[in-house]
Each structure stands twice: as C-alpha cells, then as structure tokens.
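Open the model in your viewer and colour it by chain. The stops below go from the whole chain to single elements and one residue.

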Amino acid sequence: MNTPTEQPLSGAGVLISARGLRKSYGRTEALRGASLDLHEGEILAVTGTSGSGKSTLLHCLSGIVRPDEGAVTYGGEELGLLPEQRLSELRRRDFGVVFQFGQLIPELTALDNVALPLLLAGARRGHAHRTAGEWLERFGVRGQADLRPGGMSGGQSQRVALARALVTGPRAVFADEPTGALDTLAGEQVMTALVHTAREAGTAVLLITHDAQIAAYADREVGLRDGVVHSGPAAVLGQEAARREG
Amino acid sequence: MSTRHVLLGLLAAGPSHGYELKRQYDARFPQARPLAYGQVYTTLQRLVRDGLAAVEGTGSDGGPERTLYRSTAEGSHELGRWAQEITAPAPFVTNEIFAKVVVSILVAAAGPGGAQDGPEPDAAAHLRAQRAAHMERMRELTALKTTPGADLSTVLAADYALAHLDADVRWMTTTTARIDTLTAEVNGS
C-alpha cells in the first residue's frame, strides 16, 4: 500500500539528512543506526513509544547532541565535524527548537523572551522588540507581552515559545512533544499556529509525538522503534518479537 | 462485524457444525452480542448457497445428529480477500478490525492453503496497513478542520471523527504489541 506517509512532498529537496546515527547514554543505546531525511518545507512527524529514541534523534538532528556514530548533514556541512562556535551559530540562526515545557526564561517577559534570539543575532533593541511583538500577535498572545512565563497558561507559554523558535526565520523547527503538557483545545491552538506559520514561511518542522492526533497535522509520518527509523505503513507499530530483540 | 466471514474463518480450522461454531464465536468475541442459533444456521445455508461452504456430512458424536460444514476453495479465497481488505476508517470500526485480526490468526494457523489461491492473511501486517489508512484519514480531517475560515460545525464534526479514529489507532498499537500473546491464546483455545 503506497500512502503519502511513505513519500515526502514531491519536488522538495532534502534539508537535513541523517545517516546511521548511533547514540548511547551509558549502557543504554538510544539510537541504533537511525537514518532520516527532512525535506524543505515539510512537516514530518516522528512517532514512537516512550524510550524509542525520539528525543535523542531530535537532539542529534538539531545539533544539540553529537552522535557517537553516523552523520547529520545540513547545507553541505556535517554537523558533527563543525566547531562548537559554528554549531551554535547554526542553531541560533537556522534552527528553532520547542520542547514540551520549561524552555522560556522565567525572569524575562514574553516580549523579551521572543526578542532574545534577535538580540543575540545582533539586532538593535527597538527592531528586536517590534519584530517580537509582531510574532506574539501572529500567535495570538500579544496581550501577554508583558507577562513572565509564571503568569501565563501552559498554552500561552507554548505559543510564546513557538514565536521565539520562529522569530529568526529558521529553515527548520524541531518540536519535541510541543503539546504534551496541554489540554486538547490548547494543544490544538498551538498545533494550528505552528502548522500555519511554518507553511507560510516555508519552514520545515520535525515534530516528535506519541499522539496520533498530533501526528495527523504532519504531511507524513515515520516511526522510531528501538532506535531505528521505519518509514511507510510498516513503520509505526511495534510487535512483541521486535521488542524482545531490543 | 461480518458474521458470514467470521464463521468462514472458524471453518478454516476444519469441518464443524453449527452448535460448535456458535460456541467458538461466542468464546472468541466475548464482548460481542452472542450469536443466535437461527443466525448461525441461516448464515451457513447462505454460505452453502453461494458456494463458499459445503455440507461435509452428518455426525452425532454421541449426541443429536448434526450437519457438518466445511469451507470450499472459493470460501477460502473469499476469506483471504476479506481479511486483507482495509476497513473504511470511520468511527467505531474496531470490532470489524478485531474480527479480521482473529480470523487472520485462525487462517494462518490452518497452514498453507488456508486461503487457497488468495493472499495469506497476516494479522500484524493487516494492523499496520489499517493504521496507515486511519492516519491518512486523520490527516484529511485535520486539514479540513484547520482550513482558515472553517466553521465550528465542521471543526466539531472532524473532532468527533478524529477522537474515535484516535481510539482505534491506540487499540491497534496495543493489539500489535500483544499480537504474539493473542495468537497463542486464539490457537490454544
């Protein structure tokens, strides 16, 4: 059965390519030869059960963690070979990351949180704040601009986090269970905002989730099982035999 | 649930009579409504009429005389076709999928030729293909409800279907994870 699940959007080039990634933490093998292509402008869901290696894969693809083996290639450069300074610059300029919770700086207002990546990239304060305000508006949280994270609801905080991830115009956004801590309605608002904004801007999104309703926002889905990526309809469901092998 | 195909699936293991088929059906699908005797015999007669089953003879086995039925080659082929067919993803389809999973296990246990000339049913492969069909439908519904300007009725109708399809997907995930145990249970009973 050939479904769109198996194939990315036609004609879109590969933005980030991972081949044969292995990563262990102590004696635990989180990734065991994971390979994946994220195409330009696509929204790709990576699904799998707890402990399947989803977050480790995201960390490797976004340059937060270097794999023990294998390569992540972006724009002709292998992330694992880049000096830390160049990697930081890439992460700041080309990648945005959203986690389940806790990524906003608690001492800063929503506006300052969103303006921060622009300031770090060298923007002038006035321009950074104007742009941050526009992004808060786009995500429907302009009214919370002067609030600190502790004064906002979970859904509002996530929308501010999305604004911060997208404010620099990144080529890719990595979202790790972005609605995991939210109720259904707040989760829906966050996903709708993310998907619309990413499509408008042509930003690729790698979406980590264990939730089929969230995965359904993506253009396609791959499954991570026992540290290996499976694509196509055979991807996602794990059997007892496969688990035992792990 | 297609009683006709489930009875045909039970016959994959070998000839049987109506009473025994009813007993097996009720045991395999304990949460379903028990099958009425009348429905068993009517269904068996229709299977014979359509050439999917045949009368093997009669046997009493110490009790009242009963008609034995067996599946025909055409019946096995039809069973293989049905068990592989993806169920249209709509709310509340789990019973149909569960029936196909159990029947696939029964046919696979009957050995090669259980689905003569047809595809060999594979319960795990079926669940994976069914999940892919569900996810495709869920993507369509999500796109529908997130279309700018979608009215609330459309959103709520899509939400209703999505919540039920999601429940199916969760069920398929846990069933696949336990397919070896289910296979042992179905084949052992």
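A residue is called buried here if 20 or more other C-beta atoms lie within 10 Å of its own, exposed if 12 or fewer, and partly exposed in between. Keep in mind that this is a predicted model.

**Stop 1: chain B as a whole.** Followed from the N terminus, the elements come in the order α-β-α-α-β-β-α-α-α-α-α. Along the principal axes, the C-alpha atoms of chain B fill a box of roughly 70 × 30 × 30 Å. Chain B has 189 residues, and 36% of these are buried. Of the contacts in chain B between residues at least 6 apart in sequence, 63% join residues at least 24 apart.

**Stop 2: helix H1 of chain B.** Select residues 3-11. Seven of the nine residues of this helix are buried, so the rest of the structure largely encloses it. To see them, show side chains for His5(B), Val6(B), Leu7(B), Leu8(B), Gly9(B), Leu10(B) and Leu11(B), the buried residues of H1(B).

**Stop 3: Val55(B).** Go on to strand S2 of chain B, residues 53-59, where Val55(B) is placed. Is Val55(B) buried, partly exposed or exposed? It has 13 C-beta neighbours inside 10 Å and therefore counts as partly exposed. Leaving out residues up to four places away in sequence, Val55(B) touches Val48(B), Thr67(B) and Tyr69(B). Now draw a C-alpha to C-alpha distance from Val55(B) to Ser71(B): the two are 8.9 Å apart in space and 16 residues apart in sequence.

**Stop 4: helices H6 and H7 of chain B.** Select residues 123-145 for H6(B) and 152-177 for H7(B). Their axes come within 9 Å and cross at roughly 160°. Angles over 145 degrees count as roughly antiparallel, which is why H6(B) is described as roughly antiparallel to H7(B). The crossing of H6(B) past H7(B) is left-handed.

Show side chains at the contact next. On the H6(B) side, the residues include Ala124(B), Leu127(B), Arg131(B), His134(B), Met138(B) and Leu141(B). On the H7(B) side, they include Val155(B), Ala158(B), Asp159(B), Leu162(B), Leu165(B) and Met172(B). How many residues of this contact are nonpolar, polar and charged? Colouring by residue class gives 12 nonpolar, six polar and five charged residues for the contact of H6(B) with H7(B).

Key:
Residues are numbered from 1 along each chain as its sequence is written. Chains are lettered from A and ligands numbered from 1 in the order in which they are written. This is a predicted model: local features need pLDDT of at least 70, side-chain atom pairs count only at pLDDT 80 or more; totals for chains, interfaces and linings use all residues. Helices (H or I, at least four residues) and strands (E, at least two) are DSSP runs, numbered from the N terminus. Two residues are in contact if their C-beta atoms, placed from the backbone, lie within 7 Å. Axes are lines fitted to C-alpha atoms, for helices over the stretch in contact, and angles run from 0 to 180 degrees between N-to-C directions. Angles under 35 degrees count as roughly parallel, over 145 as roughly antiparallel, 65 to 115 as roughly perpendicular and the rest as oblique. A crossing is left-handed if the near helix is turned anticlockwise from the far one by less than a right angle, and right-handed if clockwise. Ala, Val, Leu, Ile, Met, Phe, Trp, Tyr, Cys and Pro count as nonpolar, Asp, Glu, Lys and Arg as charged, and the others, Gly among them, as polar.
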